[in-house]
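Colleague: I would like to learn how to read a few features off a model. Please take them one at a time, with the general idea before the case.

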Amino acid sequence: MGAGGNNSADDESLRLRRIVDSTPALIHTARPDGYLDFLNQTWIDFFGQPIEKLLGWEWTSFIHPEDVEAFVQKWRESIATGECFEGVARVRRADGEYRWMVHHKLAMRDEHREIIKWYGSSVDVDKRKRAAITKVKRAEERIQQSERELRTIVETIPAIVGTALPDGSVDFISQSWADYTGLSREQGLCSGWKQGSGWASAVHPDDRDRSTASLQAALTTGTSSDQEIRLRRADGTYRWFLSRNFPLRDDEGNIIKWYGVLFDIDDRKRAEDHLRDTRIKLSRASRIATVAELSASIAHELNQPLMAVFLNAQAAKRWLAANPPNLVQTNTSIDRILRDARAADEAMQHIRALFKQESFDKTEASIPEIMAEAVRLVQEDPNKREIPIDRDFDENLPNVSVDPIQIQQVFINLISNAIEAMEDSRLTSLAKVRAAVTDQNEVLIQVIDNGPGVDDPERIFEPFLTTKEKGMGIGLAVSRSIVEAHGGRIWAENNPGGGATFCVVLPLSFLSPDRLDFQRLLEPNTP
């Protein structure tokens, strides 16, 4: 048999023995009870020990101490079950170095299926095993490095970070929590999102019910939650935080983790509150300023008829002071005073209707007559009497359905603006008023000057936008509101040769009554 058994004189046995001993493989055999009874010469050379010290169970002393217990236990299980054995263990070589080896043992059975022998072989896998171990260690080191970097990021970002189990139990909270609240991390953990416990103890009492309800709703629905809450700082000060919580799901959609982050938004929140208060104050101030501007505009609109009353009163006084008194001219001046006083009263009544947003009555009115009266009222001002106003109207110009007083105020404003625009012009001042019927069954009225033109024709009708040194910037905005209430349009154009043209289009028939949206001029930043 083997080196540990009885020697056979049979030549065939010797030949097989020589073959087994000369093979580079590590071969051994054992009895049915696991007792090692043979090792080939390759094994003996590997151990560097006499065969007597290796047979039986002595070989276990050459197994690495960390591997021997599990290895032997697994070998005994194979002996008991008869199953093939495969195990990995480090074995000490003759030079004292431990080498990783994979060991296989297979049972040989007789005709009754009884085990009569175990045959085994071992393969040196040390290089491969050590390479695998090195690879695993490097992977573990990379994982540990990533974990350290991630923890560093979590601990240094300017926010409080936490995680919770699927049932909401908080299982991690960053150091920034302890730094901010003055509470320990353990105090930040709790068995669930319970009001007043764990991290919730730092939430402002007025926010706890709302915060807890939001988090419980997120747990129930499995959806993310965003809310703004106040957290108590270590010094007792409460600051606003934005709390965001979102779930992490597995491939099947089950929540396996909750992640939460708290951002300090107190400075932004206070800035928003301050901005809101500022806007309220600015809006109030703007309304006050708007009323003041409108008051000035009303005074401007009434200035024309009241100036005419004043000038005619002076004329009547002069006619009475004459010697003898000229009663005919005096009566004429008094009639003009009464006419202009009624015009002022009507203008005031219409302005009052604008503010009350009352509907206005429209009548069939002649554009030439409206324009003639507007020119007359403008030229009552001695400063504007010198400027000639050329009028050019189509023959048989049809009437329009308008409120004559309101439309008259529009053209008084446009003609006055045209004359004032030409005050500093080096050219001979000339204003033109034209009216014609368009192809769209509308009347187009144009007020033309040869002044410097308009810087921004699109914005000139915005409230409080003016090019005059003493202008209020409200007249054109009111004019636009009046024209649009009549179903018309108004715009401005610069003339190719200089000056500007203001165009007003009115429909020949006004079908639906409307109201002037004058109240919008009281709203700040409303075009």
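Colleague: Where does Ser 184 lie?

Modeller: Start with the elements: helices (H or I, at least four residues) and strands (E, at least two) are DSSP runs, numbered from the N terminus. Ser 184 sits in the loop between helix H5 (175–181) and helix H6 (185–188). This is a predicted model, where local features need pLDDT of at least 70, side-chain atom pairs count only at pLDDT 80 or more, and totals for chains, interfaces and linings use all residues. Residues are numbered from 1 along each chain as its sequence is written, and side-chain values use heavy atoms, with hydrogens and water left out.

Colleague: Is Ser 184 buried, partly exposed or exposed?

Modeller: Buried means under 20% relative accessible area, exposed over 50%, and partly exposed in between (1.4 Å probe, protein chains only). Ser 184 has a relative accessible area of 27%, so it is partly exposed. From Ser 184 to Ile 173, the C-alpha to C-alpha distance is 9.8 Å, at 11 residues apart in sequence.

Colleague: Which residues is Glu 155 in contact with, leaving aside its neighbours within four places in sequence?

Modeller: Contact means heavy atoms within 4.5 Å. On that basis, Glu 155 touches Phe 172, Ser 174, Gln 175, Ser 176 and Arg 185. Glu 155 belongs to helix H4 (residues 126–156) and is partly exposed, because its relative accessibility is 23%. Its C-alpha atom is 9.5 Å from that of Trp 177, 22 residues apart along the chain.

Colleague: How many salt bridges are in the whole structure?

Modeller: Side chains of opposite charge can pair when their charged atoms come close. The cut-off is a side-chain nitrogen of Lys or Arg within 4 Å of a carboxyl oxygen of Asp or Glu. The whole structure holds 23 such salt bridges. In one of them, Asp 171 and Lys 257 have their closest N and O atoms 2.5 Å apart. This pair links distant parts of the chain, with Asp 171 in strand S7 (residues 170–173) and Lys 257 in strand S10 (residues 255–264), 86 residues apart. Lys 257 is buried, because its relative accessible area is 18%, while Asp 171, at 31%, is partly exposed.

Colleague: Which residues are linked in a network of salt bridges?

Modeller: The network consists of Arg 93, Asp 95, Glu 97, Arg 99, Asp 124, Asp 126 and Arg 130. Glu 97 pairs with Arg 93, with closest N and O atoms 2.6 Å apart, and also with Arg 99, at 3.4 Å. Arg 99 has 14% relative accessibility, so it counts as buried. Arg 93, at 26%, is partly exposed, as is Glu 97 at 30%.

Colleague: What is the phi of Arg 113?

Modeller: Most residues other than glycine have a negative phi. Arg 113 is not a glycine, yet has a positive phi of about 65 degrees. The residue lies in the loop between strand S4 (98–109) and strand S5 (115–124) and is exposed, because its relative accessible area is 57%.

Colleague: What share of the 527 residues in the protein chain is buried?

Modeller: Buried residues account for 40% of them. The chain has 12 helices and 17 strands. Among contacts between residues at least 6 apart in sequence, 54% join residues at least 24 apart.
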